[in-house]
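Here is a short briefing on one protein model.

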Amino acid sequence: MATVARATRAQGLADARLVLAKQRAEAADKDVPVRTDFATKAKAALDAAVADLEAKRSAFSVADAARIEAEKGALAASTEARAAAVAWADAERRLADAQVERKTAQEKAALLTAAAGAAPGDAVRKRSADEATQAVAQATETVKQLDAAAKAASQTAMASATAANAATKKVGETQKPAADALAAVGKSEAARALAEQQHMIAAR
């Protein structure tokens, strides 16, 4: 009787194990499509994240290149503006010196002309007066030329300053897009890292 009972219990345990194994197998079969779908979606998400990161990096590369180019342009324009300002100041100084020389020549010519007028028959005084008058004419021509040069230098300096200001403004206009593009790269890198983790989990 005891033998029969033991056999019955053994058979019952075997049947229970068989049922449990069958249930597990059925659950596993049902889980396969779910896991496959999860893995497929995780792979697609990873691919999309990688592509987005590449696009963001490319956009940053373009934006940063524009920023660098703008900064180079601003530096060159600033250097040119400073040189133009120095040239303008030098032209103004030379003009001022020439104007002083012309005034001195005029004063000298006036004295010599007066002296020659006081002695009409004095050839030496007359020659000195004529030479002084010629010196005034030469000084006046020099002033005229230097005045034109100073005006041209002034126009160049102002144009260079305007260009430098525009170049500086352009730097400001390119800095924000570059900074925004860099921030976008950071966010995209974080998204890719998350997608990689999810993909690794799905592949287990």
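Aspartate 52 and lysine 56 form a salt bridge, with their closest N and O atoms 2.7 Å apart. A salt bridge here is a side-chain nitrogen of Lys or Arg within 4 Å of a carboxyl oxygen of Asp or Glu. This is a predicted model: local features need pLDDT of at least 70, side-chain atom pairs count only at pLDDT 80 or more, and totals for chains, interfaces and linings use all residues. Residues are numbered from 1 along each chain as its sequence is written, and side-chain values use heavy atoms, with hydrogens and water left out.

**The aspartate 52 and lysine 56 pair**

- Both residues sit in helix H1, four residues apart, so about one helical turn separates them.
- Helices are DSSP runs of H or I with at least four residues, strands are runs of E with at least two, and numbering starts from the N terminus.
- Aspartate 52 is partly exposed, at 31% relative accessibility.
- Lysine 56 is partly exposed too, at 27% relative accessibility.
- The cut-offs are these: buried is under 20% relative accessible area, exposed is over 50%, and partly exposed lies in between (1.4 Å probe, protein chains only).
- Side chains of opposite charge can pair when their charged atoms come close.

**Other salt bridges**

- The structure holds 13 salt bridges.
- Lysine 43 pairs with aspartate 47 at 2.9 Å, N to O.
- Lysine 43 and aspartate 47 both belong to helix H1 and are four residues apart, about one turn of the helix.
- Lysine 43 has a relative accessible area of 37% and is partly exposed.
- Aspartate 47 is partly exposed, with a relative accessible area of 39%.
- Lysine 176 bridges to aspartate 180, and their closest N and O atoms are 2.8 Å apart.
- Lysine 176 and aspartate 180 are four residues apart in helix H2, so about one helical turn lies between them.
- Lysine 176 is exposed, at 56% relative accessibility, whereas aspartate 180 is partly exposed, with a relative accessible area of 39%.

**Aspartate 90**

- A network of salt bridges links Asp90, Arg93, Arg94 and Asp97.
- Aspartate 90 lies in helix H1, which spans residues 2–118.
- Its relative accessibility is 29%, so aspartate 90 counts as partly exposed.
- Aspartate 90 and alanine 153 are 63 residues apart in sequence, yet 9.1 Å apart in space, C-alpha to C-alpha.

**Serine 188**

- Serine 188 belongs to helix H2, residues 123–203.
- Is serine 188 buried or exposed? Serine 188 is buried, because its relative accessible area is 3%.
- Serine 188 touches Ala49, Asp52, Leu53 and Lys56, leaving out residues up to four places away in sequence.
- A contact means heavy atoms within 4.5 Å.
- Two of these neighbours, Asp52 and Lys56, are salt-bridge partners.

**The whole chain**

- The protein chain has two helices and zero strands.
- Buried residues make up 19% of its 204 residues.
- Among contacts with a separation of 6 or more, 89% join residues 24 or more positions apart.
- The protein chain exposes about 14100 Å², and carbon and sulfur atoms supply 62% of that area.
- Accessible areas come from the Shrake-Rupley method with a 1.4 Å probe; for residues, only the protein chains shown count as cover.
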